[in-house]
Amino acid sequence: MAAETPTDATVAEVMAELAELEDPRARAVNEKHGDDHGVNLGKLRALAKRLRTQQELSRRLWETDDTAAMLLAVLICRPKAFERDALDAMVREARAPKVHDWLVNYVVRKSPHAEDLRLAWTADPDPAVASAGWALTTECVRKKPEVLDLPGLLDVIEARMKDAPDRLQWAMNHCLARIGIDHPGLRARAVGIGERLEVLKDYPTSPGCTSPFAPVWIAEMVRRQDAA
């Protein structure tokens with residue numbers, strides 16, 4: 001049996017349901033992080049679970065350029081169905097930080113094009129696109145370090161992170177912390193870079209949460225590993 005093709009009414013119905021889920025309080029919280037939507041993410045995930053995987057519907061929701069619809073599109077897509085150039089275009093279209101993060105983590109990471117895009121994006125002049133490349137690199141630090149030159153990565157972080165734009169700086173800092181957490185032989189150097197650059201040292205951290213300042217982050221995660 002051929003797969004059902006969503007009709008315009010289906011897209012319209014989903015958009016109407018997203019509008020009904022709009023919550024001004026959620027929007028106020030989300031907008032503080034640059035995400036222009038007011039849908040509770042738990043409710044968004046529940047809607048995605050009900051819709052299940054629908055690649056064509058996902059594509060059309062993405063094309064609405066509505067942040068909540070784009071988040072839903074990421075949740076109901078088939079990651080391996082995207083061609084490389086489509087993913088490259090999508091990461092450039094992902095304006096909202098949450099859409100960008102979900103696209104990279106839920107879709108690109110599972111794509112057969114992930115390594116090719118990682119290499120291309122890391123060198124991209126657009127800092128938001130470059131941050132996607134660094135996010136994929138951080139994943140490799142954890143799961144495929146053999147494809148990386150870890151000391152060389154630390155050289156790049158040490159030279160460029162301090163003056164990088166916010167989103168790119170955050171991604172590079174995450175990579176720095178992950179190297180220190182996962183690779184004991186490079187831990188002292190990673191901590192030293194963090195201490196010298198002081199990136200995110202004064203970042204406000206809620207009680208019970210770990211600071212993103214790399215030396216603190218590394219120390220806490222290593223402590224948890226040792227205690228496990």
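## Ground rules

Residue numbers start from 1 along each chain as its sequence is written, and side-chain values use heavy atoms, with hydrogens and water left out. Because the model is predicted, local features need pLDDT of at least 70 and side-chain atom pairs count only at pLDDT 80 or more, while totals for chains, interfaces and linings use all residues.

Let's start with α9, which covers residues 127-143. This helix has 17 residues and spans 24 Å from its first C-alpha to its last, close to the expected 24 Å. The expected span is 1.5 Å times one less than the number of residues.

How many of the residues of α9 are buried? The count is 12 of the 17, so α9 is largely enclosed by the rest of the structure. Here, buried means under 20% relative accessible area, exposed means over 50%, and partly exposed is in between, using a 1.4 Å probe and protein chains only. Among the buried residues are Trp 134, Glu 139 and Cys 140, along with Val 129 and Val 141. The cover over them includes α6 (84-93), α7 (97-107), α8 (114-122), α10 and α11.

Helix α12 takes in residues 184-197, 14 residues in total. Its end-to-end C-alpha distance is 20 Å, close to the 20 Å expected. Its buried residues are Leu 186, Ala 190, Val 191, Gly 192, Ile 193, Gly 194 and Leu 197. Covering them are, among others, α10 (150-160), α11 (166-182) and α13 (214-227).

Buried in α13 are Ala 214, Pro 215, Trp 217, Ile 218, Glu 220 and Val 222. The buried residues of α13 pack against α11 and α12.

## Two helix pairs

Two packed helices are described by the angle between their axes and the distance between the axes. The axes are lines fitted to C-alpha atoms, for helices over the stretch in contact, and angles run from 0 to 180 degrees between N-to-C directions. For α4 (residues 55-62) and α5 (residues 67-76), the angle is about 160° and the axes are 8 Å apart. These two helices are therefore roughly antiparallel; on this scale, under 35 degrees is roughly parallel, over 145 roughly antiparallel, 65 to 115 roughly perpendicular, and the rest oblique. The contact (heavy atoms within 4.5 Å) includes Leu 57, Leu 61 and Trp 62 of α4, and Met 70, Leu 72 and Ile 76 of α5. By class, it has 9 nonpolar, 2 polar and no charged residues. Nonpolar covers Ala, Val, Leu, Ile, Met, Phe, Trp, Tyr, Cys and Pro; charged covers Asp, Glu, Lys and Arg; the others, Gly among them, count as polar.

The α11 and α13 pair packs at about 35°, with axes 9 Å apart. Contact residues include His 174, Arg 178 and Asp 182 of α11, and Trp 217, Met 221 and Gln 225 of α13. This contact divides into 8 nonpolar, 4 polar and 2 charged residues.

## Single residues to look at

Most residues other than glycine have a negative phi. Asp 65, in the loop between α4 and α5, has a positive phi of about 65° although it is not a glycine. Asp 65 is partly exposed, at 44% relative accessible area. Leu 200 sits in the loop between α12 and α13, and its phi is also positive, near 65°. At 16% relative accessibility, Leu 200 counts as buried.

Is Lys 80 buried or exposed? Lys 80 counts as exposed, at 65% relative accessibility, and lies in the loop between α5 and α6. Leaving aside residues up to four places away in sequence, Lys 80 touches Lys 110 and Pro 112. Leu 119, in α8, is exposed too, at 51%. Its C-alpha is 8.6 Å from that of Thr 137, a residue 18 places away in sequence.

Key. Helices (H or I, at least four residues) and strands (E, at least two) are DSSP runs, numbered from the N terminus.
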